[in-house]
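Please examine the sequence and the three-dimensional model shown below. The paragraphs that follow lead through selected parts of the model in turn.

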Amino acid sequence: MLKKIIKFLLVLIVLILLGGWFFKQKNKPVYSGDLQLNNLEQKVNVYFDEFGVPHIYANNQHDAYVALGYVHAQDRLWQMELVRRIAAGRLSELFGEDMVDTDKFFRGIGIERASEKVIRKLDTSGQPYILTNAYLDGVNQFIEKGSTPIEFRLIGIEKEKYTIKDIYNVFGYMSFGFAQAHKTDPFLTNLKNKFGDVYLNDLAIGINPKTEIIKNSNRKQKVASNISGSVNKIMDNSIVPPFIGSNSWVVGAKKTKNKKVIFANDPHIGFSQPAVWYQSHIVTPDFEIYGFNLALTPFPLLGHNHEFAFGMTMFENDDIDFYEESDTQTFDIRKEIIIVKDADDVVIEVKTGEHGPIMNDFIDAIETDKNIAMDWIYTKLDNEMLEASYEISHAKSLSDFKKGAAKIIAPGLNLMYGDAKDNIAWFASAKLYTRVGNANPKFILDGSIKENDQLEYLDFSQNPQAINPKWNYVYSANNQPGKIEGRLYPGYYLSEDRAKRIVDLLEPKNDFTKKDMEVMINDVQSSVIPDLIPIIIKDLSKVNLSDNEKKAIQILEKWKGDFRENEIAPTIYTKFLWMFIENTFVDELGTEGLDQFLATHIYKRQIAKQINSRKSVWWDDITTKNIKEDRHEIFTKSFHESISTLEDQFGNDVEDWTWNKAISVTHKHVFDKVGSLRSFFNVGPFVTDGTNEVLNNQGFKINKSGLYEVGHGPSTRRIIDFSDVENSIAILPTGQSGNVFSKHYKDQAQKYLKGEFVKMLLNKEEIMKSEDKLVLEPLK
């Protein structure tokens, strides 16, 4: 009897394994074979290289974009589904009541309505429109012919075809994801109402003109805090990664060893699985581009070919204003119905007035009778992002590229350019404006005062930019650009840390190679912290220091600011940083206010300012009576608390406090919250190096726990050397495919962590050696 049971169990196990194998084979992407597609004019050959990048060879662009849509969908259909739903406010249909607040918010701000308005005005005879619809045709043919991603099956939803509105909704979400005003303006308004100008004047709200600035060269109340907190929560819980910051630099021919331009770019975006970018290479008789596409977008925002390269960083300009509206204003009212899985529909009414939608209608936490409106340039003006992305990816010259860059209204982007003819350029691309009156847009404005919303839009020629500057490089690290019309353009720019490091590395050297760029783009040394350490150590009390405290000081004194895995100083400094921030700001801001402060870029700019400031109103702890704390006391208290908590966390041996025990990264799938599925879909956790605001920007939320989970970083690293363009290199954080059954789901993860790269193939002979070839033929 026992033998029969064992035999039965073995057979059952074999059947289960076979069933699993057949299920995987049926549902993984198809990288080889022959398929017939509708609406192809001629045969298309798609060669998938060893990392799953499709190299699409077609006889015309229409066929190439049909093919791109098909292969993009087979690797990223689930990602496409998420990104089209978030801006349209349709996530509750998938995930139930947990997503209602997110859906209410995005329905309220009106991205989908703006998309509909722009689409009605599109030139349907133009190439951007025609090729976009070819791409959508390919996506929708995969929906009809291809396998259904496992995520659709697990959630229990049907596939829906895509339209051009879905693409515009992606642009809208991207634009809002770049914005900082919703995190900053309400927070500062609340702070002003509570404490007045004396505290505001001691914050790094404006940019210090003495910090690193990108040089131009063109040779031709409580209400407010609730808004910040609510929007921060929505974006923090977003299942689509937000856009954070970026690095890029383009080194001119005169500063390179081989006397040709070298281009480098690494946009910083929230980590997720699948990765943000999808790589593809299109070749037709009249066109070639090796591009990096966002989900559901036909034209890449990063790309190169034999002739030119382009990329981007976030501009961080101010393109959202908030207004407190008068009680007498009349509004247009629309009803939005949100379908909620396993629950009743949710109905909201959204009022829209002169300055945009009234946020009270879709943010429940706003506790006031005053109407707060959001005035966003993306929904105010007609957006040409589709045309712009087409033109920059199809440019034949620097002049063509500039024309495409000029069409971007929002989001604000720093577009970077380099070419085989030794041109380099940077353009701050956005619709910029000046104010007629003296209103400060960093605060909620009075909507009844007409001068507050009188704007004069600038011509693109007035935007910050540099074309072939005499210093022979251009760069951007989300820092403040130089003056326009005699003044610095307002925005939510990041601290100088990365920008200063880039300039420090680029300025003295004139023989750069591709290898130098590989080292530089993986650099983890802070350019600012080494100057702060002596100030901290000098001003803290040395009385009654423990042995571990003495040792910690010695380690910090020898430290050069490197955040490598085996370093001890980063653990000590980062713990001190949290204690210093908490002891300095929490008494005024409270726990909730401190969280809102840490979500702004002001906090990153404030660190160096505050540490350097001997006299600051923030040093005093307002909760202590008859005592006025100063920098010396805050530094001393923070240092003692830091060492004590590190001893509790990592033990009494300081040598064990290495950075790799404090920092980690996991690329989380949307099913991360489902414990039984987490390890199957997630990629990681991994130990990493880096930190906030170094070139290898491994961004995390600083916190009390002393364990730092990286949430964002380089979404790709790319280096294009025009002296050897066919050996240009890149890397993704996880892999090319979003299909968990694909061999390319996470095959780049370890290389990425090690700072390695893979080749971006352009040479046809190399490409044709691929083992995986998919032939797409017209349906007969």
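Which residue in S14 is the bridge partner of Thr352? The bridge partner of Thr352 in S14 is Pro357. Two strands are said to pair if DSSP finds at least two bridges between them.

This is a predicted model, in which local features need pLDDT of at least 70 and side-chain atom pairs count only at pLDDT 80 or more, while totals for chains, interfaces and linings use all residues. Residues are numbered from 1 along each chain as its sequence is written, and side-chain values use heavy atoms, with hydrogens and water left out.

The protein contains 24 helices and 30 strands. It has 780 residues, of which 62% count as buried. Here buried means under 20% relative accessible area, exposed means over 50%, and partly exposed lies in between, with a 1.4 Å probe and protein chains only. The protein exposes about 30600 Å², and carbon and sulfur atoms supply 50% of this area. Accessible areas come from the Shrake-Rupley method with a 1.4 Å probe, and for residues only the protein chains shown count as cover.

The strands around the opening pair may be considered next. Strand S13 (residues 346-353) is joined to strand S14 (residues 356-357) by 2 bridges, and the two run antiparallel. A hairpin connects S13 to S14 through 2 residues. S13 is also joined to strand S12 (residues 332-338), here by 7 bridges and again in the antiparallel sense. Within this pairing, Arg334 stands opposite Val350 in S13.

Another region is built around strand S6 (residues 262-270). In S6, 9 of the 9 residues are buried, so this strand is largely enclosed by the rest of the structure. Strand S27 (residues 717-721) pairs with S6 in the antiparallel sense over 4 bridges, and Asn265 has Arg718 in S27 as its bridge partner. Strand S26 (residues 712-714) also pairs with S6 in the antiparallel sense, over 3 bridges; there, Ile269 stands opposite Gly713.

A separate open sheet consists of 3 strands in the order S24-S23-S25, with mixed pairing. Strand S24 (683-687) and strand S25 (708-710) stand at the edges with a single partner strand each, so one side of each has no neighbour in the sheet. On average, neighbouring strands of this sheet are turned by 25° against each other, direction ignored; the axes are lines fitted to C-alpha atoms, for helices over the stretch in contact, and angles run from 0 to 180 degrees between N-to-C directions. Strand S23 (residues 663-667) and S24 run antiparallel and are joined by 3 bridges. Val665 has Phe686 in S24 as its bridge partner.

Among the helices, H18 (residues 547-558) has 12 residues, which at 1.5 Å a residue should span 16 Å; its end C-alpha atoms are 17 Å apart, which agrees. The expected span is 1.5 Å times one less than the number of residues. The buried residues of H18 are Asn548, Glu549, Ala552, Ile553, Ile555 and Leu556. They cover an arc of only 160° around the axis, which puts them on the same side of H18; the arc is that of the directions from the helix axis to the C-beta atoms. The face turned away from this buried side carries the exposed residues Asp547, Glu557 and Lys558. The cover over the buried residues of H18 includes helix H17 (529-539), helix H19 (569-598) and helix H21 (631-650), where contact means heavy atoms within 4.5 Å. In helix H13 (residues 385-393), 8 of the 9 residues are buried, so H13 is largely enclosed by the rest of the structure.

Some details of the backbone remain. Most residues other than glycine have a negative phi, and most peptide bonds are trans. A cis peptide bond joins Gln273 and Pro274, with omega of about 10°, and Pro274 lies in the loop between S6 and strand S7 (278-284). Leu296 has a positive phi, near 65°, and is buried, with a relative accessible area of 0%. Asp422 also has a positive phi, near 75°, but is partly exposed, with a relative accessible area of 33%.
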